[in-house]
Amino acid sequence: MANRAQLPYLIQLLDDDSEATRAALTKQFSHFGGDISDDIASLQVDLSPEDRYHLSGMLHPARRTTLIHEWIVPESLNHDWQSFEHLLRLLCDFMHDGITLRPSLNDALDVLAQDIEERIPDISINKLRKYLFADHLFTGARTNYYSIQHSDICYTLDTGKGNPLTLCVLFQLVAHRLKLDVTASNYPGHFLSRITLGGVPHLVDCYNGGRLIEISELLDGHKELSPEAKFSIQAPAPPRVIIHRILRNMEHSFSLNKQTEDALLMQKLQATMVN
């Protein structure tokens with residue numbers, strides 16, 4: 001069992017960079033479940049960037065263990081919004097540094113949706129699109145594009161930056177809370193959202209300011225589109241496909257960062273998305 005009374009003393013030892021001390025600390029921190037952000041806040045500890053880096057690394061294996069143990073994919077996932085959000089929350093918790101205090105994915109989305117309801121009377125899907133993306137509340141990450149942080153929806157909620165997939169999923173999650181209809185388009189190479197305006201289906205490029213693309217015009221004007229691209233435009237991507245693509249992005253980021261164990265874990269989790 002974790003003894004949280006020991007945390008102040010364990011944290012003081014972070015300055016000791018000897019191999020033996022590092023190994024002992026890693027073992028001790030493994031008992032805290034991978035997240036001591038509440039404890040760090042209550043202790044009012046001022047960690048140096050170097051200490052934060054080492055401490056987060058020591059907490060990471062426990063977050064990996066938690067993800068493995070809690071990752072359960074129901075057969076009904078494509079029709080089970082609660083399970084969809086739960087799996088997304090598990091991935092956000094896994095990518096968290098375990099040190100920075102931040103709300104859960106569900107709580108952060110609830111707060112954002114409530115704020116939008118208060119700010120925008122008679123909210124519509126087009127008003128929501130403009131508020132989130134055209135007004136640049138959330139924008140595409142242009143630097144460190146493949147950073148693992150840009151697959152973390154909580155990080156996007158905190159910073160306003162994300163990759164195409166993260167921004168589209170955020171759009172979908174917020175819209176669901178506001179009882180608005182947004183689906184996903186698993187477009188090859190660039191994830192998009194799908195909405196209907198005035199009875200006309202459109203794609204939304206959340207990464208590029210919420211740009212609207214009328215689906216019929218895209219199909220008529222680009223006969224060279226592959227069958228895969230045409231299918232992704234016309235058929236909404238269900239939760240299994242969305243999470244599979246997030247896991248694939250995460251695997252790529254971990255591989256680029258030479259985090260082999262995490263990359264392999266993402267491969268294993270992708271297999272659970274095949275139904």
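Helices α9 (164-177) and α12 each supply at least two residues of the lining of the largest cavity. Helices here are DSSP runs (H or I, at least four residues), as strands are (E, at least two), numbered from the N terminus. A cavity is defined on a 1 Å grid over the protein atoms alone, as a set of points where a 1.4 Å probe fits but cannot get out, and lining residues have an atom within 4 Å of a point. The model is predicted: local features need pLDDT of at least 70 and side-chain atom pairs count only at pLDDT 80 or more, while totals for chains, interfaces and linings use all residues. Residues are numbered from 1 along each chain as its sequence is written, and side-chain values use heavy atoms, with hydrogens and water left out.

The structure holds one cavity of 30 Å³ or more.

The axes of α9 and α12 come within 11 Å and cross at roughly 150°; axes are lines fitted to C-alpha atoms, for helices over the stretch in contact, and angles run from 0 to 180 degrees between N-to-C directions. The pair α9 and α12 is therefore roughly antiparallel, a term for angles over 145 degrees, with those under 35 counted as roughly parallel, 65 to 115 as roughly perpendicular and the rest as oblique. In the contact (heavy atoms within 4.5 Å), L165, V169 and Q172 of α9 meet I242, R245, I246 and N249 of α12. These contact residues comprise four nonpolar, two polar and one charged.

Helix α12 (residues 239-256) also packs with helix α13 (residues 260-271), at an angle of about 165° and with the axes 8 Å apart. Helices α12 and α13 are therefore roughly antiparallel to each other. From α12, the residues H244, L247, R248, M250, E251, F254 and S255 meet D262, A263, M266, Q267, L269 and Q270 in α13. Six nonpolar, four polar and three charged residues make up this contact.

A further partner of α12 is α5. The axes of α5 and α12 come within 10 Å and cross at roughly 10°, which makes α5 roughly parallel to α12. On the α5 side the contact is made by F84, L87, L88, L91, F94 and M95, and on the α12 side by P239, I242, I243, I246, L247, M250 and F254. The contact of α5 with α12 has 13 nonpolar, no polar and no charged residues.

Of its 24 lining residues, the closest to the centre are S56, R63, M95, D97 and Q149. The elements that give two or more residues to this lining are α4 (49-70), α5 (81-95) and α8 (153-159). Helix α4 gives the most, with seven residues. By class, the lining of the largest pocket has seven nonpolar, 11 polar and six charged residues.

Key
On a 1 Å grid over the protein atoms alone, a cavity is a set of points where a 1.4 Å probe fits but cannot get out, and a pocket is an open set with protein on both sides within 12 Å along at least five of seven lines; lining residues have an atom within 4 Å of a point. Ala, Val, Leu, Ile, Met, Phe, Trp, Tyr, Cys and Pro count as nonpolar, Asp, Glu, Lys and Arg as charged, and the others, Gly among them, as polar. Grid points are joined across faces, edges and corners, and a volume is the space filled by probe spheres set on the points.
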